[in-house]
Amino acid sequence: MTEASPEVSRREFLVRAARAGATLAVAGAAAVALHDPRAPSGSATLATSSGPPLPDWSLKDDGPRMAIITGRDRRRTLERGLDALGGIGRFIRPGDRVLLKPNAGFATPPDLGATTHPDVVQAMVRLCLAAGARSVVVTDNPVGDPDTSFRLSGIAEAAEQAGATLLFPRESMFRAVSLQGSALIRDWPILAGPFDGIDRVIGICPVKDHMRSGATMSLKNWYGLLGGRRNLFHQRISEIIRDLSMLVRPTLVILDGTTVMRRNGPTGGALDDLEIANTLIASLDPVAADAFAATLLGRQPGDLPWLAMAAAAGSGTADWESLKPRREAVD
Amino acid sequence: MRIVTVRRVSQGFFLGWFLWFCAVTAFGEGRFQARGWPLNLFLQLDPLPALATTLATGTLYAGLLWALATVVLTVVLGRAFCGWVCPFGTLHQAIGWMGRRLRRGQRARVNQPSRLQGIKYFVLAAILASASADLVRGSASLAGHLSPALQAVAAAAACLIAFLAISRLVRSRSRAAAWSIAMVGLWALAGRVLPGDEVFASTDLVGWLDPIAFLTRGMGTVVLPLLDRSVGLFFSAPRHVQGGALLGILLAASLLANLAIPRFFCRFLCPSGALMGLLGRNALWRVARTTASCSQCAACDADCEGACQPSGAIRTSECVLCMNCLPACKETVITFRTRPSEAGEHPLPDASRRGVLLSLASGFALAPILRLGAEAGAATPPALVRPPGALPEPQFLDRCLRCGQCMRICPTGVLQPAGVETGIEALWTPVLNNRLGTSGCQPNCIACGSVCPTAAIRPFTLDEKLGRAGHHATGPVKIGCAFVDRGRCLPWAMGRPCIVCQENCPVSPKAIVLEPWVEALREGPWQVSGVDAGTVRLAGAPLRPGRIAGGDYLIASALMPGLGLSLRDNTTDSVVLARPEDAANLAIGTRVEIRVRLHRPYIDPVRCTGCGVCEHECPVAGLRAVRITSENESRDPRRSMVRE
């Protein structure tokens with residue numbers, strides 16, 4: 001084929017025609033198959049995959065719903081709180097897969113109270129495993145660098161020592177979720193991966209001052225499940241807290257008010273920002289728990305509009321006294 | 001075992017360690033974390049960074065003393081580091097081997113010495129000259145403190161030393177004498193006339209082309225961030241690198257060039273290899289031919305890594321001691337011994353005297369040209385936010401190797417290689433980019449200062465960084481200051497509540513202060529058209545249902561005392577009062593406005609450390625509404641904004 005011969009043989013012509021035809025057929029078929037007469041939709045999707053909202057993990061039995069325990073030792077107040085609610089067996093059945101959501105939001109040491117105290121996380125993990133839980137997952141999407149936040153807050157070490165699995169947020173764990181009745185959680189990335197196959201969800205958080213929402217407690221703790229540029233929601237903070245109360249219906253929430261952050265929240269940074277309140281709240285009703293915990297910060301439930309909004313959304317009651325909480329003291 | 005096998009084992013051994021030190025990135029004690037590994041060992045063994053920073057600063061910092069080991073090795077054996085230790089050289093050799101031609105003749109042709117191999121000596125001369133400006137001027141002006149008689153003695157001594165050196169290069173004694181007097185005169189003149197200001201200063205540009213710095217930077221900013229995406233072992237979150245495209249292309253180009261010419265970088269560009277070529281000119285052992293003539297089969301040249309022509313008069317400064325020629329020679333006339341080759345040898349590189357002088361002059365002029373824009377002084381780019389512990393900019397530039405160790409170990413990935421927009425001289429030095437990384441500079445982290453091999457970022461303690469335990473007087477280390485862009489800030493410009501910057505400020509008390517502010521919605525005003533049990537109907541612009549839910553909004557008339565009545569919800573044409581009894585204050589027909597309660601952020605420059613957490617968190621996704629610039633950084637008191 002180096003020199004073009006003046007005459008083309010019939011055989012050569014047919015081969016060439018067949019090759020040309022095949023090229024045209026492939027190009028034509030591909031063009032028709034891939035043809036898109038419309039332009040693609042204009043905006044980017046927020047998350048790589050989407051899925052259903054999270055299931056409801058709340059307990060619907062008639063047992064006591066809230067316990068307020070005073071005492072200095074977090075492990076003992078936690079144990080007493082669970083006992084007052086009927087024992088850990090009410091919440092954890094053998095074989096359960098449990099997810100704990102602490103507040104690991106910031107890369108600060110535990111003494112500064114900006115994150116859930118590692119002692120409570122550790123005690124809760126141990127109690128769950130002792131009650132026969134198959135596995136305990138601890139996860140959060142911190143504000144600060146995830147690795148540093150989990151390590152420096154002491155939560156990583158405490159959880160791992162007690163036998164829990166730590167899950168740091170990775171892109172693949174986020175799913176776009178649209179929450180019915182929410183104007184804000186629409187096609188928004190949620191840290192939903194760690195919740196797959198989970199039987200029990202427990203929120204564990206500190207009690208802290210917050211400039212925008214007045215206070216950050218068990219409901220705002222779920223903010224840590226939001227992905228994307230979630231800070232946008234701060235302009236409608238009460239609504240996002242209400243929506244989060246609808247997104248996550250936990251089995252139990254623990255509010256650790258042993259020390260509370262009275263000012264400079266939610267990051268703190270100095271021991272002066274903390275005050276000793278020696279109170280731990282265990283509650284099946286996160287709204288009631290937050291309504292009571294607000295009083296530890298010197299605020300009234302009426303000061304926090306999102307409490308009434310969350311209550312109206314069916315997430316609990318802001319009238320915590322109506323639950324007749326068990327009040328006990330550990331010395 | 002054959003000598004070539006031993007060499008390969010050695011290369012594999014050192015490459016393995018180098019890669020391991022690159023892989024153990026994170027600051028910590030875990031299996032894949034830095035622990036106590038000597039992460040900088042190869043940067044320290046490389047003699048060029050040690051020499052250049054010593055010329056620029058007058059001292060040999062800490063672990064850079066390891067370079068002495070390589071100097072000893074090189075003086076005794078020649079460029080053994082290049083052929084046996086250097087991980088970059090090993091990669092070049094491996095890739096060159098993959099791309100080698102099959103025919104021996106072709107290979108031998110590619111491996112013939114080229115005049116272009118002199119380029120690396122010019123690069124070396126320019127780097128060392130630009131690093132030694134302060135030294136030349138400083139040492140020359142020292143003589144000014146001596147009495148005239150002593151000055152004459154010093155000048156004579158300098159002339160004598162110069163004559164001894166130059167007479168080895170120049171055959172004619174009179175010309176050598178003339179040259180030495182001229183050079184000492186030039187040196188004295190330089191000491192007198194050069195102003196010694198921020199422009200006429202030394203700069204350490206060694207990192208751009210130093211092989212270990214080049215590869216370390218490439219690993220940390222290109223290879224590991226890409227590899228981590230699939231294996232997830234090296235960083236706690238996927239890492240992004242600003243200007244990574246250029247870094248990646250240069251790394252790939254430097255490696256792929258070996259397919260055309262083996263050890264392309266080593267032969268033509270490597271300034272460290274050039275330095276070792278000079279250091280090894282008196283090597284006690286060298287590759288040599290045992291007979292004056294041979295069959296000239298070129299088997300030795302075919303696999304010669306250094307292009308030093310072992311088949312003829314060997315260029316010892318180019319020989320990287322790969323030892324490929326020893327087993328290749330079927331006549332067994334090539335060996336490694338103390339006696340010079342019978343075929344003769346070229347101990348000095350093939351770099352013209354004129355070229356070297358020109359390179360020295362260019363290098364000497366380079367720093368002033370780079371500094372003419374005063375990027376290291378009066379016109380420091382605002383975006384040039386250096387990590388905590390960074391020395392004042394001129395001293396920083398005297399030391400930074402651009403190796404990227406600080407960026408690699410930074411737990412949040414906020415430390416990034418600077419591009420050219422902060423000045424060409426600062427290219428690839430560490431700066432903070434708060435839009436990248438998982439957070440800003442973490443208050444409780446001292447990793448960058450602990451890892452820096454040259455103390456461009458000096459080691460600092462946590463107490464010092466946080467300004468506690470004896471460091472109260474100097475306060476916390478500030479790397480810059482936050483500024484609110486009022487035209488972009490939600491509460492300042494758009495009537496939307498937001499306190500995200502203040503909320504995330506990790507300083508206590510917070511460096512961002514919020515001032516309450518109330519303003520009317522621009523859709524208003526409205527007129528009350530009906531009041532019914534806490535619901536107020538409004539005539540006017542329609543409202544989006546739920547727009548004012550959440551407790552941030554008030555309704556007020558001009559006559560009403562106070563800010564207004566709290567609202568809790570709305571429909572298109574009505575609002576719901578938070579307290580129904582407030583309805584008594586609103587009569588039908590009243591002109592009302594809806595007000596929003598805002599908090600406007602202000603920065604306290606005394607407390608702000610410039611950590612950048614606020615900028616990272618600001619919900620304005622593009623150009624953030626709160627941004628850090630380098631004003632107020634503690635390392636340069638002239639740049640502080642407030643005096644207290």
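Predicted model: local features only at pLDDT ≥ 70, side-chain atom pairs only at ≥ 80, totals over all residues.
## Overall dimensions of the chains

Chain A contains 8 helices and 11 strands. Its C-alpha trace extends over about 110 × 40 × 40 Å along the principal axes. The radius of gyration of chain A is 27 Å, whereas a compact globule of 331 residues would have a value near 20 Å.

Chain B comprises 25 helices and 15 strands. With a radius of gyration of 33 Å, well over the 26 Å given by the globule rule for 644 residues, chain B is more spread out than a compact globule. Along the principal axes, the C-alpha atoms of chain B occupy a box of roughly 115 × 70 × 40 Å.

## Domains of chain B

The domain assignment divides chain B into domain 1, domain 2 and domain 3. Domain 1 is made up of residues 3–126 + 206–346. Domain 2 covers 393–466, and domain 3 covers 517–601. Between the centres of domain 1 and domain 3 of chain B, taken over C-alpha atoms, the separation is 75 Å.

## Contact between the chains

The two chains touch through 31 residues of chain A and 34 residues of chain B. On the chain A side, helix 4 (146–152) and helix 6 (237–247) each contribute at least two residues. Helix 4 of chain A provides the largest share of this side, namely 4 residues. Classified by residue type, the side of chain A that touches chain B has 13 nonpolar, 10 polar and 8 charged residues.

## Helix 2 and helix 3 of chain A

In chain A, helix 2 (residues 74–84) and helix 3 (residues 118–130) have axes that come within 9 Å and cross at roughly 45 degrees. The two helices are therefore oblique to each other, and their crossing is right-handed.

From helix 2 of chain A, the contact involves R74(A), R75(A), L78(A) and L82(A). Helix 3 of chain A contributes D119(A), V120(A), A123(A), M124(A) and L127(A). The residues of this contact comprise 6 nonpolar, no polar and 3 charged.

## Helix 6 and helix 13 of chain B

In chain B, the axes of helix 6 (residues 87–98) and helix 13 (residues 244–260) come within 7 Å and cross at roughly 40 degrees. This pair is therefore also described as oblique. The crossing of helix 6 of chain B with helix 13 of chain B is right-handed.

L91(B), H92(B), I95(B) and G96(B) form the helix 6 side of the contact in chain B. They meet L255(B), N258(B) and L259(B) of helix 13 of chain B. This contact has 4 nonpolar, 3 polar and no charged residues.

## Cis peptide bonds and positive phi

Most residues other than glycine have a negative phi, and most peptide bonds are trans. The following backbone features depart from that pattern in this model.

The loop between strand 9 (252–261) and strand 10 (274–283) of chain A holds P266(A). A cis peptide bond, with omega about 0 degrees, links G265(A) to P266(A). N264(A) also lies in the loop between strand 9 and strand 10 of chain A. The phi of N264(A) is near 65 degrees, which is a positive value in a residue other than glycine.

In chain B, the peptide bond from G524(B) to P525(B) is cis, and its omega is near 0 degrees. P525(B) is located in the loop between strand 8 (512–520) and strand 9 (526–532) of chain B.

Definitions and conventions. Residues numbered from 1 in each chain as written. Chains lettered and ligands numbered in written order. Domains from an automatic or database assignment. Axes fitted to C-alpha atoms, helices over the stretch in contact; angles between N-to-C directions. Parallel < 35°, antiparallel > 145°, perpendicular 65-115°, else oblique. Left-handed = near helix turned anticlockwise from the far one by under 90°. Contact = placed C-beta atoms within 7 Å. Nonpolar A, V, L, I, M, F, W, Y, C, P; charged D, E, K, R; others polar. Rg over C-alpha atoms; globule rule 2.2 N^0.38 Å.
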